[in-house]
Amino acid sequence: MVEFIKSPWPWYVVGPIMGLTVPLLLLIGNKHFGISSSLRHVCAIVLPANLKFFNYNWRREVWNLIFVLGVILGAVIATQFMNNGQPVAVGATTHAQLAGYGITDNEYAQLLPASIFGISQIFTWKGVFFLMIGGFMVGFGTRYAGGCTTGHSITGMANLQLPSFIATLCFMAGGFITTVVVIPYLFEWFGK
Amino acid sequence: MENLQNKYSVDENVVTWDHAAVAEKTLKPTNGESTGKVAGYLLAGILFGIILVKGEIISWYRIQEMFLLDSFHMYGIIGSAVFVAAIGIQIIKSTKTKTFDGQPIIFYKKIFSWGQIIGGTMFGLGWALTGACPGPLYAQFGSGFMAAGVSLFFAIAGTWFYGLLRDKLPH
């Protein structure tokens, strides 16, 4: 049992627990599961700047910030106490592709490659693209789309909302473009 | 908010992409959250954070693998999550289950917006770069990757710039 808890969990354990979050939040307080809204509440609290979009009663939405605080705590718990240091076992095609980006085998001991997400990479071109531009597009894009993978892809699709299916298809399309076209091009450029 | 009035009808429990604005109009005012609810949201968040890490959903490697169609892992997670959530929603709807404190549960209808296409694609482009959607951004940070704090900061900045440019964008 301890061994199972410390190993990476299979999709058929993780997915259903994730799905149960939706009815759980509805039962606790009529809350519709979505995480990207928390980014908006942070803006509304910290820098509303007289913009209409941030001028609302964010105190009603505090539950969302409590939830993401829990997400951070949960990640701390899982990483510190429920981890056996087993490397991430990706498929062979992925492994070969990433080796071409200079990602070495020992980097798989962590969930993110140090050669891209290490602190020393923040102020390099890798940091500019993978952290800054990537983060900006996640924030701008999810708010423009009205939700992210939780609000649209899980809650929205589970409630059979057509706009959420459209949004999810576009999330996937963007991800394929970046992975198949943009990232290989970036590494070719970094290498020069 | 005024210019959004024609985008949704509060009477029919219809909501668009502007959840906070509509929640303000549809849900009964509360005098803050009770301690029990706060504990509930926090525990639900902790559980979610744990599965994001244990399922390796916060892993940039897993996101690359998903978009290279090299593993069923992420598709299995999203598919089974939607399936279980859909059953939960159907049970709540058909049995008219109320919240733990006896309020009727309200569902919203989402309305099409060009944002779902333009913003959705933009998010997807960023998702494969950071290896994280918003939930995993928080969890990457909690998992000890300080650089994810930079992604998170820029995600907040991106949200702010959307708020700034919103009236000029097609919806």
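This is a predicted model: local features need pLDDT of at least 70, side-chain atom pairs count only at pLDDT 80 or more; totals for chains, interfaces and linings use all residues.
Which residue just after H6(B) takes a positive phi?

Residues are numbered from 1 along each chain as its sequence is written, chains are lettered from A and ligands numbered from 1 in the order in which they are written, and side-chain values use heavy atoms, with hydrogens and water left out.

Now, back to the opening: the residue is B:Gly144, with a phi of about 110°. Helices here are DSSP runs of H or I with at least four residues, strands are runs of E with at least two, and both are numbered from the N terminus.

Let's move to chain A. Its tally is 9 helices and 0 strands, and 56% of its 192 residues count as buried. The C-alpha atoms fill a box of roughly 50 × 45 × 35 Å along the principal axes.

One residue I'd like you to look at is A:Thr149, which lies in helix H8, residues 149-158. A:Thr149 is buried, at 9% relative accessible area. Contact means heavy atoms within 4.5 Å. Setting aside neighbours within four places in sequence, A:Thr149 is in contact with A:Ile154 and A:Phe171 in chain A, and with B:Phe123, B:Trp127 and B:Cys133 in chain B.

And the cysteines? A disulfide is a pair of cysteine sulfur atoms within 2.5 Å, and the structure holds 0 of them over all chains. A:Cys43 is in no disulfide, and the nearest cysteine sulfur, that of A:Cys148, is 14 Å away. A:Cys170 is in no disulfide either; the nearest cysteine sulfur there, again that of A:Cys148, is 15 Å away. A:Cys43 counts as buried at 3% relative accessibility, and A:Cys170 is buried too, at 12%.

That's my tour, so please have a look at the model and send me your thoughts.

Methods. Buried means under 20% relative accessible area, exposed over 50%, partly exposed in between (1.4 Å probe, protein chains only).
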